[in-house]
There are 2 protein chains.
Amino acid sequence: MTHSTRPRAADNGTADAPGGAPADAPDLDLHELAQQLRVDSVRAAAEAGSGHPTSSMSAAELMAVLIARQLRYDFSEPQHPGNDHLVLSKGHASPLLYAAYKAVGAITDEELLTFRKRHSRLEGHPTPRLPWVDVATGSLGQGLPIAVGMALAEARLAEQPYRTWVVCGDSEMAEGSVTEALEQAGYDRLDRLTLIVDVNRLGQRGPTRYGWDLDAYARRLEAHDWHTVQVDGHDPDAVDAAYREAVAVTDRPTAILARTVKGQGVAAVADREGKHGKPLPDAHSAVAELGGRRNLRVTVRTPDAPPAQAAPAASGDAEPDGSAPRLPVYERGARVATRDAFGEALVAVGEAHPEVVVLDGEVGDSTRTRAFAEAHPERFFECYIAEQQLVAAAVGMQTRGWVPYASSFGAFLERGYEFVRMAAVSRARINLVGSHAGVAIGEDGPSQMALEDLAAFRAVHGSTVLHPCDAHQTARLVATMAESDWLGGVRYLRTLRGATPVIYDPEERFPIGGSKVLRSSDIDEVTLVAAGVTVPEALLAAEALAADGIAARVVDLYSVKPVDTATLREAAARTGRLLTVEDHHPEGGLGDAVLDAFTDGRHALPRLRRLAVRELPGSATPDEQLHDAGIDAEAIAGAARELIASD
Amino acid sequence: MTHSTRPRAADNGTADAPGGAPADAPDLDLHELAQQLRVDSVRAAAEAGSGHPTSSMSAAELMAVLIARQLRYDFSEPQHPGNDHLVLSKGHASPLLYAAYKAVGAITDEELLTFRKRHSRLEGHPTPRLPWVDVATGSLGQGLPIAVGMALAEARLAEQPYRTWVVCGDSEMAEGSVTEALEQAGYDRLDRLTLIVDVNRLGQRGPTRYGWDLDAYARRLEAHDWHTVQVDGHDPDAVDAAYREAVAVTDRPTAILARTVKGQGVAAVADREGKHGKPLPDAHSAVAELGGRRNLRVTVRTPDAPPAQAAPAASGDAEPDGSAPRLPVYERGARVATRDAFGEALVAVGEAHPEVVVLDGEVGDSTRTRAFAEAHPERFFECYIAEQQLVAAAVGMQTRGWVPYASSFGAFLERGYEFVRMAAVSRARINLVGSHAGVAIGEDGPSQMALEDLAAFRAVHGSTVLHPCDAHQTARLVATMAESDWLGGVRYLRTLRGATPVIYDPEERFPIGGSKVLRSSDIDEVTLVAAGVTVPEALLAAEALAADGIAARVVDLYSVKPVDTATLREAAARTGRLLTVEDHHPEGGLGDAVLDAFTDGRHALPRLRRLAVRELPGSATPDEQLHDAGIDAEAIAGAARELIASD
């Protein structure tokens with residue numbers, strides 16, 4: 001199902017011509033260019049007083065040949081749809097990348113020497129503050145999985161061909177995320193993806209697991225259906241030939257396994273342990289040993305003009321209708337699982353927004369992305385049980401303007417947590433949808449329950465965290481998440497396995513940062529703040545309290561981050577007491593989000609108590625689970641009575 | 001370095017004799033036993049109304065032959081050091097495991113039928129509520145990495161040999177964590193580890209990536225230096241022969257790739273899509289089709305009596321001195337990085353506690369575990385850049401009584417977050433130590449900064465989160481973390497890259513759940529609550545405020561979870577205002593931990609403001625970073641003045 005079924009966009013035949021000769025600069029001395037990249041890497045790190053020159057020096061020829069002979073990129077137009085992608089997965093070798101940017105004329109020598117200084121775009125590890133950097137790197141093992149997302153988008157959806165090049169280190173090949181990517185790329189035969197492995201044999205603390213045993217890497221790669229080329233990474237002609245071979249292979253991705261020397265070119269550091277991540281001991285003499293400063297200039301080949309219909313634009317059968325999505329409508333009072341509403345809304349959103357793509361971690365039956373797979377198969381990507389690749393592919397695709405929804409169980413999305421953290425550093429706009437939240441899933445037990453997802457995703461910089469309680473609310477929020485033009489960052493939507501009553505009309509709107517007051521009066525003595533499955537429980541509790549003559553306000557805090565400060569402050573001012581209730585551990589979730597409204601130092605904090613899941617659950621029915629965790633209507637009403645009585 | 005250097009403990013020669021015949025029950029009909037396991041799986045799921053009988057049925061022969069012919073386990077003594085380990089990585093096939101427990105006499109048929117019911121030990125997915133279950137499973141791709149930890153402990157440290165058996169599904173082979181484990185096990189030649197892959201070709205939503213292409217799996221495994229055996233998983237004799245082959249291979253781990261049929265034995269579900277995770281449509285006729293109920297009883301072979309010195313006991317050169325660790329001593333006022341203190345204390349703790357083991361994610365130079373590697377090489381495990389395996393190995397080792405410290409950058413430990421979540425479900429006792437916390441690392445930039453680790457690890461059930469500010473405090477806490485006899489759960493210690501002043505005496509004690517009031521008076525107008533790098537900043541701020549005539553209390557909240565409720569309440573009551581300051585995102589960290597002390601509904605909340613890292617940092621010096629994030633002494637003093645002025 002994930003094999004490409006759609007014919008490729010027309011290839012102009014020059015970019016990828018097997019064995020194609022370089023478009024220009026045939027007389028450029030590649031060795032000299034590589035030495036220039038080394039010299040500039042050494043100079044930048046020396047000026048900064050920190051950085052990774054030795055890890056840059058090992059890959060100098062690999063980078064020099066790439067920019068001089070293969071890369072197609074218009075540095076004056078980073079958004080050009082025909083631009084290749086270059087991902088420096090070994091982001092600590094940033095001096096090499098910045099030296100290359102200088103060589104192509106994108107930055108000046110003066111800017112190069114701002115490396116690692118306050119306010120410089122040339123950070124210790126590359127970030128998209130530089131317009132030519134698609135994604136932040138520096139957390140190893142992320143470059144290839146993200147590049148797979150870029151290459152999948154090319155293979156399945158792009159109107160104009162491009163290549164994706166990844167430069168990674170040998171140490172990071174041990175990351176499981178790299179294998180997830182190898183498997184996806186090999187299986188999907190992403191032939192325009194090239195992995196360049198800088199095998200310099202030395203990691204942070206000493207030799208890597210396999211040293212210079214290139215065969216060890218080749219065996220792994222070939223087992224995942226990759227073509228491999230082994231090469232002396234310091235021989236420019238050999239590297240050039242290897243790249244041409246990679247381009248000529250059209251039925252699978254290629255990995256260049258380059259034997260290199262860390263610190264190559266300077267005897268004081270070359271192939272020596274203990275030289276990781278430090279400026280060279282004597283930069284001045286190192287530059288002299290490398291032959292001194294040079295000022296070679298590389299003219300990078302630019303891509304062809306884009307076709308009339310430039311990417312991103314979906315290429316499926318359905319024509320976008322140019323209007324708002326026709327969201328599903330449910331009967332008020334009916335019981336509908338929010339995961340079902342998510343799946344149905346996603347189909348409608350996909351129809352209205354041709355840039356929407358959906359990624360599944362082989363749980364599409366449960367998360368309900370299956371409906372999208374059936375409606376829009378060309379924009380559905382099966383990542384199987386590999387959640388790091390799932391998140392990474394979403395990050396890669398959004399660099400091309402696609403709007404990804406990546407979905408799994410909320411608990412299993414936590415497998416990709418570090419990728420989500422880095423997505424924020426990449427300024428990536430991705431939608432994550434986690435199903436099966438909380439103890440309310442019932443019998444399956446704690447391994448399947450997301451009980452720390454709100455905390456984890458709230459703590460991600462610039463994130464949005466949404467937790468709807470009914471089907472219409474879910475559908476609206478799913479539609480809002482498609483609006484990436486204004487809604488930045490990582491968006492996390494938490495859905496429920498079981499059915500909850502439909503309490504909103506289909507026309508109701510749910511702005512990000514809003515909430516809904518579901519019940520209120522002038523005599524409210526307490527405010528119950530809930531989200532998701534605890535909303536219907538809070539409503540039942542309010543009824544029970546009313547029967548006792550206690551008026552309770554109920555707030556549906558569907559937007560957990562950002563939080564509706566005004567409504568919460570108003571409720572605190574009017575009712576004096578807040579009781580939060582969440583199907584989540586007590587740390588970092590709804591309760592803490594509510595407190596956020598009162599921590600500017602200018603507002604008195606209300607009397608507050610929070611109900612949350614404090615014990616490790618086992619198996620039980622959903623109702624039993626809510627009861628045992630102390631977050632059902634009975635527990636809420638009881639806690640509210642106590643809160644009022646404790647004044 | 002990770003290759004076993006220590007001679008193996010003596011092998012008695014019977015357990016692992018190549019091709020060894022079964023110890024007993026030679027007349028047991030293995031086909032009949034497999035059918036019994038199927039019948040009981042079907043019955044348990046039918047009684048529960050949920051569960052995964054079809055995923056159990058595919059592995060029935062694999063399980064039947066294992067318990068009848070290979071497993072050595074004393075069910076009356078789960079802590080026996082010679083017991084094999086059986087990890088059901090495909091935890092959703094729990095009915096099969098429970099049916100096996102019934103067949104060996106560990107549980108009754110009556111208990112089997114409590115499956116998935118409230119208060120039953122037989123949860124939807126296995127957990128250590130059952131004494132024979134070492135670790136919780138159900139989050140796929142975790143069983144093998146954890147088993148690698150068990151097998152590493154056997155190969156390097158055990159006094160008595162045992163085997164580790166893992167039964168996993170084919171879908172989960174796509175998880176990168178599985179490859180991390182394959183690589184570690186293959187490289188370390190863990191020959192007493194056997195992986196049994198139940199290749200039933202159907203995942204949750206349809207066919208797996210490779211279907212019944214056993215060769216696809218074999219290529220991957222062999223590329224990682226595993227021996228493989230392909231077998232018809234429903235032929236008991238063939239399975240028996242495969243297991244014997246696995247035991248006979250003594251230079252590498254073996255994987256049994258078993259071609260099986262999901263739902264085998266019942267035509268209505270066998271090899272059919274859409275039958276995942278549901279009871280059989282007609283359990284009664286299914287049982288009849290399977291030949292009806294049986295009551296075969298398996299006598300499992302028990303291990304030999306343990307040697308006089310039973311595991312766990314360290315086997316290094318150093319004799320345990322039986323006293324408290326001789327922790328490092330620093331000069332008061334000296335500047336020492338807490339990561340340095342961690343590394344030095346770890347050596348001392350390792351000397352005093354022979355059960356301490358240390359695991360590194362190839363950053364031992366930076367985290368400072370290198371010192372332990374040099375002092376106690378036999379108890380140091382290099383996991384390379386594979387943080388899921390790092391955490392998983394720690395979980396596996398603690399099942400054998402070892403006390404693991406697994407360390408990487410705090411940011412990179414987040415790569416193993418979902419393993420940490422599951423470690424809590426496993427009731428595992430592990431120490432995680434994350435270095436390079438916060439913006440204070442300086443020039444390296446955001447990819448290397450842990451800024452959400454406090455939130456993420458606080459949200460883990462039963463966790464302890466510690467963030468020391470000076471060297472003596474760090475050393476004491478590292479020593480406390482070794483005391484697994486009373487300190488349960490996941491313990492996370494956050495260390496700093498840069499130096500901070502030594503402010504405590506070496507004799508000072510730092511109980512879990514405590515804090516230190518560093519400055520106070522009867523006229524304090526505000527309390528500054530800090531941890532880690534913000535403690536010295538808060539002290540400087542207090543001095544600046546004192547110069548303005550404002551008395552400020554300063555609390556060092558080194559125990560972020562559990563939090564020192566009494567001291568915080570006292571400070572709030574006395575000073576009326578709290579200002580929290582943390583090198584962490586505002587969500588879920590120190591500020592929220594402080595609020596936790598006031599959310600029982602019985603205490604008025606103080607006026608509170610929190611300072612935290614709210615913008616995405618770039619590169620800058622540590623001092624510039626603290627300033628730009630608004631968490632340095634100047635910002636603290638300014639915010640304190642505002643807080644007081646805003647009354």
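1. On the side of chain A that touches chain B, the residues divide into 37 nonpolar, 33 polar and 43 charged. The model is a predicted one, and the points below should be read with that in mind.

2. The contact draws on 113 residues from chain A and 113 residues from chain B. Together the two chains bury about 9500 Å², and 47% of that lies on carbon and sulfur atoms. In chain A, the residues that lose the most area to chain B are Arg205(A), Arg209(A) and Arg415(A), which together make up 11% of what that side buries.

3. How many salt bridges cross the interface of chain A and chain B? The rule finds 27 there, and the count over all chains comes to 89. Side chains of opposite charge can pair when their charged atoms come close.

4. The cut-off for a salt bridge is 4 Å. Within chain B, the side chain of Arg421(B) meets that of Glu418(B) at 2.6 Å, N to O. Arg421(B) and Glu418(B) both belong to helix 16 (residues 417–425) of chain B and sit three residues apart, about one turn of the helix. An α-helix has 3.6 residues a turn, so residues three or four places apart point the same way. Arg421(B) has a relative accessible area of 3% and is therefore buried; Glu418(B), at 0%, counts as buried as well.

5. Leaving out residues up to four places away in sequence, Glu183(B) touches Met173(A), Ala174(A), Arg209(A), Tyr210(A), Arg220(A) and His224(B).

6. Is helix 14 of chain B enclosed by the rest of the structure or open? Twelve of its twelve residues are buried, so helix 14 is largely enclosed by the rest of the structure. Among the buried residues are Glu387(B), Gln388(B) and Gln389(B), as well as Leu390(B), Val391(B) and Met397(B). The helix covers residues 387–398 and reaches 17 Å from its first C-alpha to its last, close to the 16 Å expected at 1.5 Å a residue.

7. Some salt bridges lie within one chain. In chain A, the side chains of Glu61(A) and Arg38(A) meet at 2.6 Å, N to O. This pair links distant parts of the chain, with Glu61(A) in helix 3 (residues 60–70) and Arg38(A) in helix 1 (residues 30–48), 23 residues apart. Both Glu61(A) and Arg38(A) are buried. Also in chain A, a network of salt bridges links Asp40(A), Arg43(A), Lys102(A), Asp109(A) and Arg293(A).

8. In chain B, the side chains of Glu378(B) and Arg379(B) form a salt bridge at 3.4 Å, N to O. Glu378(B) is buried, with a relative accessible area of 13%. Arg379(B) is buried too, at 2%.

9. In chain A, the bond from Lys561(A) to Pro562(A) is cis, with omega near -5°. Pro562(A) is in the loop between strand 17 (559–561) and helix 20 (565–575) of chain A. In chain B, a cis bond joins Lys561(B) and Pro562(B), with omega about -5°, and Pro562(B) lies in the loop between strand 17 (559–561) and helix 20 (565–575) of chain B.

10. Two arginines have positive phi. Arg116(A) has phi of about 70° although it is not a glycine. Its place is the loop between helix 5 (109–112) and helix 6 (143–157) of chain A, and at 4% relative accessibility Arg116(A) counts as buried. Arg201(B) has phi near 70° and is in the loop between strand 3 (193–199) and helix 8 (214–223) of chain B. With a relative accessible area of 18%, Arg201(B) is buried.

Key
Residues numbered from 1 in each chain as written. Chains lettered and ligands numbered in written order. Predicted model: local features only at pLDDT ≥ 70, side-chain atom pairs only at ≥ 80, totals over all residues. Heavy atoms only, no water. Contact = heavy atoms within 4.5 Å. Buried area = accessible area lost by both parts, 1.4 Å probe. Nonpolar A, V, L, I, M, F, W, Y, C, P; charged D, E, K, R; others polar. Helix = DSSP H or I, 4+ residues; strand = E, 2+ residues; numbered from the N terminus. Expected span 1.5 Å × (residues − 1). Buried < 20%, exposed > 50% of the residue type's maximum accessible area, 1.4 Å probe, protein only.
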